[in-house]
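Please open the structure in the viewer and follow the stops below in order. Each stop names what to select and then describes what is found there.

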Amino acid sequence: MKIRDEAAASEGGAAVGRQERRRRKLHDQLYETAVGLFVAQGFEATTMEQIAEAADVARATVFNHFSQKVGFLEEWGVRRRARVNEILGSQHAEDLPVGDRLHRYLKEMADLNVASRAETTILMDSSARYGRLLQDPSLEIELARIVEQGQRRREVREDVDCEQAGQLLAACYFTTILRWIRTEPAPFDLHQRLVGALDIILLGLLVGEVA
């Protein structure tokens, strides 16, 4: 009886696993379809019905995965950050000094943006206009975590508010990207601008110690 129960449980787990893989595959398909349409015809011009038609699914299926169109924008940001963290993890960037780690993080983000400028232009602008780009704390939390780790290793001053530092770094990043996508061709080198901004934040503006 026990063996039979274990076999049934194993079959049930396998079925759940297959269902989840199918669900994830469809989710990815809908996401990729939507992003492709956004880039081709703009975020505003794209409807949930068009996404469903292009993905060859029912309209309700799209809403089951993304209750609102802005959900695609939010997932775009999540996937960008996840990709950067994956890259940095493979490079063991957590062992780097905090300044180098922040440089590496922004470099990888810049690489993704430069490699897909058309996509970044449409989705970043749409995220700022229709989404929660500047209200979503996800990026600032990640950057604040890096600063806090540096603080624990005595690489960052004890009086630095890590949360505020994360907010400042995230705001700097988003402001720079939004300026970078404003005109075509790109008005400045994204890597250089982000590095320059980060160096100002890391070093400060004033000569000597602040009282």
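Begin with the largest nonpolar core of this predicted model, a set of 47 residues. Select Ile-51, Phe-72, Leu-102, Tyr-105, Met-124, Leu-143 and Tyr-173, which have the most contacts inside this core. At least two core residues come from each of helix 1 (2-41), helix 2 (48-55), helix 4, helix 5 (98-115), helix 6, helix 7 (138-152), helix 8 (162-180) and helix 9 (190-203). Which helix gives the most to this core? Helix 8 does, with 8 residues.

Next, select Phe-72. Apart from neighbours within four places in sequence, Phe-72 is in contact with Leu-30, Tyr-31, Ala-34, Phe-38, Met-48, Ile-51, Val-62 and Phe-66.

Now display helix 4 (residues 70-90) together with helix 6 (residues 117-130); their axes come within 10 Å and cross at roughly 120 degrees. The two helices are therefore oblique to each other, and their crossing is left-handed. To view the contact, select Val-70, Leu-73, Trp-76 and Arg-80 in helix 4, which meet Glu-119, Thr-120, Leu-123, Met-124, Ser-126, Ser-127 and Tyr-130 in helix 6. This contact comprises 6 nonpolar, 3 polar and 2 charged residues.

Finally, turn to helix 5 and helix 7, whose axes lie 9 Å apart at an angle of about 160 degrees. Helix 5 is therefore roughly antiparallel to helix 7, and the crossing is right-handed. Select Val-98, Arg-101, Leu-102 and Tyr-105 in helix 5; these meet Leu-139, Glu-142, Leu-143, Ile-146, Val-147, Gln-149 and Gly-150 in helix 7. The contact of helix 5 with helix 7 has 7 nonpolar, 2 polar and 2 charged residues.

How values were computed
Residues numbered from 1 in each chain as written. Predicted model: local features only at pLDDT ≥ 70, side-chain atom pairs only at ≥ 80, totals over all residues. Heavy atoms only, no water. Axes fitted to C-alpha atoms, helices over the stretch in contact; angles between N-to-C directions. Helix = DSSP H or I, 4+ residues; strand = E, 2+ residues; numbered from the N terminus. Parallel < 35°, antiparallel > 145°, perpendicular 65-115°, else oblique. Left-handed = near helix turned anticlockwise from the far one by under 90°. Contact = heavy atoms within 4.5 Å. Nonpolar A, V, L, I, M, F, W, Y, C, P; charged D, E, K, R; others polar. Core = buried A, V, L, I, M, F, W, Y, C linked by side-chain atoms within 4.5 Å. Buried < 20%, exposed > 50% of the residue type's maximum accessible area, 1.4 Å probe, protein only.
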